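Work through the exercises below with the model open. Each task is followed by a stepwise solution.

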Amino acid sequence: MPEGDTVWRTANTLRDALDGKVLTVCDVRVPRYATVDFSGHRVQAVHSVGKHLAIEVAHHVIHSHLKMEGAWHVYRPGTRWRRPAYQARIVLATDDRVAVGFELGVVEILDTLDEAVGYLGPDLLGPSWDAALAVANLAAEPGRPIGLALLDQRNLAGLGNVYRNEICFVRGVDPRTPVREVELAPMVDLSYRSIVANKDRNARTFTGDLRAGRHFWVYGRDGKPCRRCGTAVRFGLLGDDPTEERQIYWCPRCQPPVGVTAAQ
């Protein structure tokens with residue numbers, strides 16, 4: 001699933017294409033909103049909130065979420081699309097651009113964006129980022145594994161699986177460690193600095209090495225030697241229940257377990 005930096009860049013691309021321009025085409029290919037047509041209306045704003053995208057037009061909000069397969073593309077009029085038309089969920093065109101949302105996990109027409117994102121914690125890439133609030137949100141569930149707390153968008157919005165694995169490694173924390181055992185302020189600060197540093201990069205890096213295959217400390221490297229100590233990187237699954245488990249990677253030497261129970 002795309003993480004907050006990817007969605008932030010997508011919002012920038014859509015803003016360049018649509019913001020302040022009058023829509024000449026508005027084709028929402030979702031049955032519930034098939035009759036919605038904002039053609040003739042000017043786009044008032046385009047922005048991201050965590051992993052969510054918002055296009056404000058005609059006093060409504062076109063809310064989308066990429067989920068696993070989604071993507072927004074922008075084309076010149078008459079240019080052939082890079083994905084098949086049957087995958088398009090929404091088409092928005094102006095005189096000089098065509099924005100197409102393919103296989104979007106969510107497409108909604110809302111009165112206000114709060115209907116979709118009001119539950120989110122502070123947005124790491126938002127204008128009102130609040131580190132203290134993010135720390136307080138994480139601390140509210142002291143027994144929860146930090147690897148789950150970082151992914152919970154109610155605590156802080158924007159981190160995904162790559163970030164949580166890499167941030168835990170850099171901080172020397174096993175992702176299964178209970179929140180109560182973690183120094184939360186440095187963890188939140190690193191989360192912010194990491195995503196800000198990567199927000200303008202198509203290929204994010206945590207090691208500082210931009211060469212292919214050298215971007216990550218542990219993510220996707222199970223069985224390979226730790227870049228710091230040479231110990232084999234471990235792999236596991238972590239989730240609130242078996243249906244929500246996601247991959248975790250860690251170095252057992254650089255990230256010694258603290259307060260981790262056998263069940264985890």
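**Exercise 1.** Compare the radius of gyration of the chain with that of a compact globule.

Solution. With 264 residues, the rule puts a compact globule near 18 Å; the chain has 20 Å, which agrees. Next, the box: along the principal axes, the C-alpha atoms fill roughly 60 × 40 × 30 Å.

The model is predicted: local features need pLDDT of at least 70, side-chain atom pairs count only at pLDDT 80 or more, and totals for chains, interfaces and linings use all residues. Residues are numbered from 1 along each chain as its sequence is written, and side-chain values use heavy atoms, with hydrogens and water left out.

**Exercise 2.** Determine how S7 is covered.

Solution. Call a residue buried under 20% relative accessible area, exposed over 50% and partly exposed in between (1.4 Å probe, protein chains only). Strands are DSSP runs of E, at least two residues long, numbered from the N terminus. S7 spans residues 98-102, and five of its five residues are buried. Val98, Val100 and Phe102 point one way. Ala99 and Gly101 point the other way.

**Exercise 3.** Find the pairing partners of S7.

Solution. Pairing requires at least two DSSP bridges between two strands. Start with S5 (residues 71-75): five bridges tie this strand to S7, antiparallel. Here Trp72 faces Gly101. Then take S6 (residues 88-93), also antiparallel to S7 over five bridges. Val91 stands opposite Val100.

Terms used
The radius of gyration is taken over C-alpha atoms; the globule rule is 2.2 Å times the number of residues to the power 0.38. Helices (H or I, at least four residues) and strands (E, at least two) are DSSP runs, numbered from the N terminus.
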